Protein chains: 6
Amino acid sequence: MWCRGLLVGRFQPFHLGHLHAVRYALERVEELCILVGSADKSHQLDNPFTAGERVYMVKAALEEAGIDCRRVLIIPLPDSPAHSLWVASVKATVPKFDVVFSNDPLTRRLFQEEGFTVLDIPFYERPTFSATEVRRRMLKGEPWEELVPKAVAKIICEVGGLERLKQLNQQK
Amino acid sequence: MWCRGLLVGRFQPFHLGHLHAVRYALERVEELCILVGSADKSHQLDNPFTAGERVYMVKAALEEAGIDCRRVLIIPLPDSPAHSLWVASVKATVPKFDVVFSNDPLTRRLFQEEGFTVLDIPFYERPTFSATEVRRRMLKGEPWEELVPKAVAKIICEVGGLERLKQLNQQK
Amino acid sequence: MWCRGLLVGRFQPFHLGHLHAVRYALERVEELCILVGSADKSHQLDNPFTAGERVYMVKAALEEAGIDCRRVLIIPLPDSPAHSLWVASVKATVPKFDVVFSNDPLTRRLFQEEGFTVLDIPFYERPTFSATEVRRRMLKGEPWEELVPKAVAKIICEVGGLERLKQLNQQK
Amino acid sequence: MWCRGLLVGRFQPFHLGHLHAVRYALERVEELCILVGSADKSHQLDNPFTAGERVYMVKAALEEAGIDCRRVLIIPLPDSPAHSLWVASVKATVPKFDVVFSNDPLTRRLFQEEGFTVLDIPFYERPTFSATEVRRRMLKGEPWEELVPKAVAKIICEVGGLERLKQLNQQK
Amino acid sequence: MWCRGLLVGRFQPFHLGHLHAVRYALERVEELCILVGSADKSHQLDNPFTAGERVYMVKAALEEAGIDCRRVLIIPLPDSPAHSLWVASVKATVPKFDVVFSNDPLTRRLFQEEGFTVLDIPFYERPTFSATEVRRRMLKGEPWEELVPKAVAKIICEVGGLERLKQLNQQK
Amino acid sequence: MWCRGLLVGRFQPFHLGHLHAVRYALERVEELCILVGSADKSHQLDNPFTAGERVYMVKAALEEAGIDCRRVLIIPLPDSPAHSLWVASVKATVPKFDVVFSNDPLTRRLFQEEGFTVLDIPFYERPTFSATEVRRRMLKGEPWEELVPKAVAKIICEVGGLERLKQLNQQK
């Protein structure tokens, strides 16, 4: 059991695979810091949601799933001006952590070069449960709600997420 | 009762007056977003602690005080490149909120010009309970621990906060 | 009749379709603010001209067309570090406006989410009159001058725009 | 007679001394570019007004004074990340100019080191007609309206400038 | 013989063609400033090495080749926020120079527009000796060491460059 | 004997105390990296010289003093957007180092918190040999040349440093 873990993601949007990852991590750490990365990105086809909307999604999904939010911190972080500064930026923005959960090659490399232990997260029914697939279905008019927690689907409606994504897709 | 409130502060460090303000706000809103401002500032005489250390202080102090952390979000936010962009930056980084708690004139002005309701927080035994006073006492070797929650004093020790502040004070 | 309108474009370069749009807008507003977007971009294949060169093109084209420049402001604005800050940046940089003219989906979305009225501009003989087509012709050695006001063609010559674009195109 | 001149100022706010400077410059150049500097600054005691508000002040003051706005460009420009980049930033943002009007030592030095001709502007009844004096009077409740064009006083009222300045002054 | 020359490159990594270019330039200038461009970029497929690693490569390669390092300055420089500011940024960061060596169209254009003399460097056995080819071979497991100075191959091993590149390549 | 050392300074300008520090460090390391900090600052009363001018001063002073420049790297580095990112920025910009030489409290603290060994440099006839004193004398018309290496005095003349400083001092 680690003291505090860091789970890194962009959560565009937060889906059931992410929820699975949070559960996986919470079995291995006492407190989990969920880093909402690329917090400065929104209104892009690959990053449609604001950091605030994603923080809200994570919180609501965890509550709905009955996860104890007192063991969790949800921290948004903008991208760094340089990859070489990113780990320093994370370390300055979240409480001290012992272990990192990530499957992203760049994230893994950057933390490993700074001496951190980085753990894989077993993928949950990939490639279906991926944010790319959720966004693809949203654009194609296919059923996407089944890939995300109910609370997330509700928030996406609330903020007009479907319309936003479709409008951004008109960009030539 | 408001749905979601925003409490803005730098928390350098989080003291008993801040705790009082959190309690005051939680009586008026269902969910409170505590914004840890100037998240990019640290290792300065006026801003000695990193955002991560301050997030940790707020969390620990709230837990110690028996406040239900499930009703709270703790969100760090760097300063904006321009005052005119700050409210937009807040809105993009935290979930939607209905009311702002702040006594800071600039914060109040910026939110008011954007049409937000901004509420005063009754000051708790000012000027004793202020972060400026805590830092002053730390530098002078006067008793500062009584101004902050026990959990905060412990974290300041843990991160070598006293030594950091004193070393920064040697800057000519 | 609106009081003040905002017309958003990059004007790389300003062509006859843009001139048509300015005329269309000036029939609907008393004063028009022409926002020269991506002012920080230049010397790229998609953004060959500096903001200063583009401001100069707009001014010269309007004068040549007999448009009363006293009803017009030409304001350059750099891109924002985040889409979520862009409308705030516009609002801080130009005088207060009542209506936005734009066909760009992202621009429309961002202003609509902030509650602005956004009007379409009827396209003028698309796809011929587009900046992409002007740049394509410049690179291919096809007649491009007929797509832009005479004053703009003259400025492009003056600043060595054709040579610049061709040299940038050598980038592997 | 120069072809195009550059007049540099912050215009916090635009006062009668500035108007005098514009007239002085327009006697020496065919076209004048008025650079509204520090466009990113606002809501500070020394920089209370946004760039948009200041652009609006300049335009309205010139119209009121019967100056032909067709000979004038009003261009806002944010501060540079480094003094050594500022002249390059100006050159990229405004049309080509032959001469600079400024009494500010740093502005003069930076342009002179890049080989520009920089002309002094005879001061108009200093120290009364200075932006510092206008802001001082606004804070003290002394008559400040007589120092600025009527149109500027009206705009300051319109945007709540007096209240803003007073509120910012409460900052401890 | 020029007094001081500027040689511009990214050196991702420094290869034998670069060494040839340095020798070529040193025959034409008394002192050579080697600008390590895009110093802020690293941990990307096209820019795998940090500025520090690249400065180290250049220094070690020159020493190994028996070049007198007293005639050379190795200066890292981050990319500019705008192409229009880049030459000003170079001029502010390196000692005054008389001539620029570069085959890159954008670099050549930017310096030429500012009035600098820019000289071509005869390419050394292109396309074999190019950084793109070195990185391609590293990823494909083909012999890449023969394209770079021995000292550079050693540094790439030392910093785990091969593993870093392969790990970055897993990014989907 | 350490392998590579880092000597941190702003060198505004480089004086005889700095030369003494370089000699002191070179007795303890095989290779010395001289970091020219605040490379983005110039044309300020406290930071009158550009990074390029300061790099030139250091190089010329070392050559004049008969120091073997093959053992030295001179690397300019801009200030970081946050103190918490500065050590990461240094590590990414210079080759790997084992020890840091600095008397500056903030520099010392930041490197110590990242686990570096930081060594004091015995001050050389303070307070006379300080950059603050050199700049003070330059402004007062007192003899400052005796505080800097002859080569530095020559460069300051060459770039018009005395006039620049005096002109900046006219800023109200």
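Which residues do ring pairs link into a cluster in chain A? They are A:Trp86, A:Phe97, A:Phe111 and A:Phe116. I will come back to rings in a moment. Before that, please keep in mind that what you see above is a predicted model.

Let me start with how the chains relate. In general, two copies of a chain are related by a rotation about an axis and a shift along it.

Of the contact residues of chain A, 100% recur in chain B, and the same surface serves both copies.

What does the contact between A and B consist of? On the chain A side there are 22 residues, in contact with 22 residues of chain B. Between them the two chains bury about 1,600 Å², and 63% of that is on carbon and sulfur atoms. There are also two salt bridges between chain A and chain B. In a salt bridge between these chains, the side chain of A:Lys59 meets that of B:Glu31, at 2.8 Å from N to O.

Now back to the rings. Over all chains, a search of the whole structure finds 33 aromatic pairs. One of them is B:Phe97 with B:Phe116, a stacked pair with 5.0 Å centre to centre and 20° between the planes. This pair links distant parts of the chain, with its two residues 19 residues apart. B:Phe97 sits in the loop between helix H3 (83-93) and strand E4 (99-101) of chain B, while B:Phe116 sits in the loop between helix H4 (105-113) and strand E5 (117-119) of that chain. Are they buried or exposed? B:Phe97 and B:Phe116 are both buried.

For a pair with another geometry, look at chain F. The ring centres of F:Phe11 and F:Phe14 are 5.5 Å apart and the planes stand at 50°, so this pair is tilted. F:Phe11 and F:Phe14 are both buried.

Rings also take part in another kind of arrangement, with a charged side chain. In chain A, A:Arg28 lies over the face of A:Tyr24, at 3.7 Å from the ring centre. In chain D, D:Arg28 lies over the face of D:Tyr24, and the distance to the ring centre is 3.7 Å.

The last topic is helix H5, residues 131-140 in chain A. Its buried residues are A:Ala131, A:Glu133, A:Val134, A:Arg135, A:Arg137 and A:Met138. As background, an α-helix has 3.6 residues a turn, so residues three or four places apart point the same way. What do the buried residues of H5 in chain A pack against? Their partners are helix H6 (150-158) and helix H7 (161-168) of chain A. After the helix comes A:Gly141, with a positive phi near 75°.

In chain B, the buried residues of H5 include B:Val134 and B:Met138. The buried residues of that helix pack against H6 (150-158) and H7 (161-168) of chain B. Just after it, B:Gly141 has a positive phi of about 75°.

Terms used. Residues numbered from 1 in each chain as written. Chains lettered and ligands numbered in written order. Predicted model: local features only at pLDDT ≥ 70, side-chain atom pairs only at ≥ 80, totals over all residues. Heavy atoms only, no water. Phe/Tyr/Trp six-rings, centres within 6.5 Å; stacked < 30°, edge-to-face > 60°. Helix = DSSP H or I, 4+ residues; strand = E, 2+ residues; numbered from the N terminus. Buried < 20%, exposed > 50% of the residue type's maximum accessible area, 1.4 Å probe, protein only. Lys NZ or Arg CZ within 6 Å of the ring centre and 35° of its normal. Contact = heavy atoms within 4.5 Å. Buried area = accessible area lost by both parts, 1.4 Å probe. Salt bridge = Lys/Arg side-chain N within 4 Å of Asp/Glu carboxyl O.
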